[in-house]
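Subject: The structure, and what turned up in it

Hi,

Here is the structure I promised to pass on to you. Have a look at it first, and then read on for my notes.

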Amino acid sequence: MNNLKNLRGTVDLLPDQLIKWQNVEKILMDQLSRASIKEIRTPILEMTELFIRGIGEGTDVVSKEMYTFVDRGKRSCTLRPEGTASVARALLQNGLSSNPFQKLWYMGPMFRYERPQAGRQRQFHQLGVEFIGYESVRSDVEIIALAWDILGKLGIKELNLEINTLGDVNDRFNFQKSFLKWLEINKNSLDSDSQNRMNKNPLRILDSKNIQTKKALENAPKLFNFLSEKSHKRYSELKKQLEVLKIPFVENFNLVRGLDYYTHTAFEITSGALGSQATVCGGGRYDDLIKQMGGPSTPAIGFAIGLERLILLAGEELEVPRNTDIYIVNQGLIAESLAMDLSRKLRNYDLLVELDLSGASFSKQFKKANRLKSKSIIVIGDNEAANKEFIIRLFDKSTQENKEEVISFENDIKLGKWLNKYLLAQ
Ligand code: ATP
Ligand code: MG
């Protein structure tokens with residue numbers, strides 16, 4: 001055994017684990033396509049500048065979590081820590097103005113240098129959805145409902161939706177002035193992390209998990225009280241519409257989210273079943289991001305779901321592999337080549353076909369077919385090969401008997417009929 005290992009915080013997903021991943025991904029993709037949301041794929045590697053400008057220098061992600069390196073052309077590159085900035089860049093670069101309203105999703109690996117623990121890795125995966133160009137409260141409601149329904153469709157229990165509003169840039173500016181004054185006076189009541197954030201990203205202090213800081217913040221000015229009339233109205237409307245849809249929510253005035261680009265609606269969905277890394281979905285409105293990146297003023301809202309946490313939460317029924325439909329037992333030179341040919345033909349019927357390549361005894365091959373719980377077995381030995389035919393056998397659950405048929409290799413019609421009648425009807 002050599003001592004090569006994967007990097008800390010990364011994992012290999014092995015075939016048995018991937019059954020659940022693939023089942024979850026399929027449900028996700030079905031839900032997204034039913035909601036008429038289109039996929040976008042952007043590079044995993046981007047210019048570092050994109051994230052500095054897009055996410056914000058004072059954020060945890062940019063200041064201490066990015067995988068950044070200089071390439072051979074002396075360009076500073078970063079493995080993407082999230083997807084929104086890349087989507088915004090890709091749209092700008094590919095002519096956003098020709099299609100200003102877009103509903104998009106992406107799925108793939110993200111990279112953040114964090115302390116690995118259950119539900120927290122350095123390479124992890126996200127599903128993200130972005131509604132670009134949409135300004136109305138109804139788009140906020142649609143996106144929250146979509147996230148809620150996706151998690152519901154996967155049978156995830158103990159879901160809690162928390163919402164907040166961050167107001168617009170002006171609201172935040174006014175709040176920040178007064179909050180900074182308060183921070184100066186109360187500096188000594190804060191933990192050192194929060195003290196460090198005072199100059200870089202004071203809003204993030206609201207999200208502190210430190211008990212002492214949390215207690216002190218109870219007396220701090222509240223962003224909510226600095227919202228303009230318009231922002232207030234928008235937020236009330238959001239709550240009203242969520243109530244109409246009967247999506248339960250809790251207001252959390254300290255929910256600020258980790259990235260700088262958010263405005264108005266911010267939300268998180270947690271699950272009581274997850275333990276300490278409880279947030280499975282985080283999202284919010286980012287009306288200023290695209291403009292900040294040099295594009296036209298474009299309202300937008302999105303969310304990202306952490307797939308590792310989703311997999312931890314999704315039910316065990318999604319871990320069950322699809323059964324083999326047909327297992328082909330074969331032995332002998334001609335039989336083996338006929339079996340190969342037949343397996344190719346059968347896969348065109350959308351059947352899961354496993355061709356035994358072991359050359360082992362019939363009894364061993366039968367044992368393997370039974371172990372795989374194959375719905376049916378095809379047998380081709382020397383005798384069958386000489387007659388250019390094969391035996392197909394299936395245990396019929398309704399009659400509790402084996403149904404068996406001998407079919408000639410040339411007789412596709414008979415094969416089709418048999419598959420339709422017995423196998424595909426199962
Ligand atoms: P957290 O507070 O858990 O660090 P975050 O606010 O940094 O989350 P976002 O940037 O909003 O997370 O990402 C959206 C989702 O992606 C999170 O809710 C979580 O499910 C998932 N996620 C984020 N970072 C990681 C990670 N290092 N490992 C696994 N999943 C992650
Ligand atoms: Mg984080």
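Which of the 14 residues around ligand 1 come nearest? They are Arg-112, Glu-114, Arg-120, Gln-121 and Arg-257. Please keep in mind as you read that this is a predicted model.

**Around the ligand**

Glu-114 places a polar side-chain atom 2.6 Å from a nitrogen atom of ligand 1. Arg-120 also uses its side chain, with a polar atom 2.9 Å from an oxygen atom of the ligand. With Gln-121 it is the backbone that takes part: an N or O atom there lies 2.8 Å from a nitrogen atom of ligand 1. On its own, the ligand has 580 Å² of accessible area, and the protein covers 87% of that.

As for where the shell comes from, the elements that give it two or more residues are β6 (123-132), β10 (279-285) and β11 (300-306). The biggest share belongs to β10, which gives 3 residues.

You will find Gln-121 in the loop between β5 (102-111) and β6. Is Gln-121 buried or exposed? Its relative accessible area is 16%, under the 20% cut-off, so Gln-121 counts as buried. If you want a sense of distance within the chain, Ser-33 is 88 residues away from Gln-121 in sequence, and their C-alpha atoms are 28 Å apart.

**The whole protein**

Stepping back, the protein has 15 helices and 16 strands. Its radius of gyration is 28 Å, whereas the globule rule gives 22 Å for 426 residues, so the protein is more spread out than a compact globule. Along the principal axes, the C-alpha atoms fill a box of roughly 95 × 55 × 45 Å. Buried residues account for 49% of the 426.

The protein is divided into two domains: domain 1 covers 15-168 + 228-317, and domain 2 covers 322-423. Taken over C-alpha atoms, the centres of domain 1 and domain 2 are separated by 47 Å.

Start with Asp-325, in the loop between α11 (307-313) and β12 (326-330). Asp-325 counts as buried because its relative accessibility is 4%. Its side chain makes a polar contact of 3.0 Å with the side chain of Lys-375.

For Lys-388 the phi is about 55°, and for Gln-400 it is about 60°. Lys-388 sits in the loop between α14 (382-386) and β15 (389-396), while Gln-400 is in the loop between β15 and β16 (401-408).

How exposed are these two? Lys-388 has a relative accessibility of 43%, so it counts as partly exposed. Gln-400, at 55%, is over the 50% cut-off and therefore counts as exposed.

Happy to go through any of this with you on screen.

Best wishes

Key:
Residues numbered from 1 in each chain as written. Chains lettered and ligands numbered in written order. Predicted model: local features only at pLDDT ≥ 70, side-chain atom pairs only at ≥ 80, totals over all residues. Heavy atoms only, no water. Near = heavy atom within 4 Å. Polar contact = N/O pair within 3.5 Å; in protein donor to acceptor, adjacent residues only side chain to side chain. Areas by Shrake-Rupley, 256 points an atom, 1.4 Å probe, with all protein chains shown as cover. Helix = DSSP H or I, 4+ residues; strand = E, 2+ residues; numbered from the N terminus. Domains from an automatic or database assignment. Rg over C-alpha atoms; globule rule 2.2 N^0.38 Å. Buried < 20%, exposed > 50% of the residue type's maximum accessible area, 1.4 Å probe, protein only.
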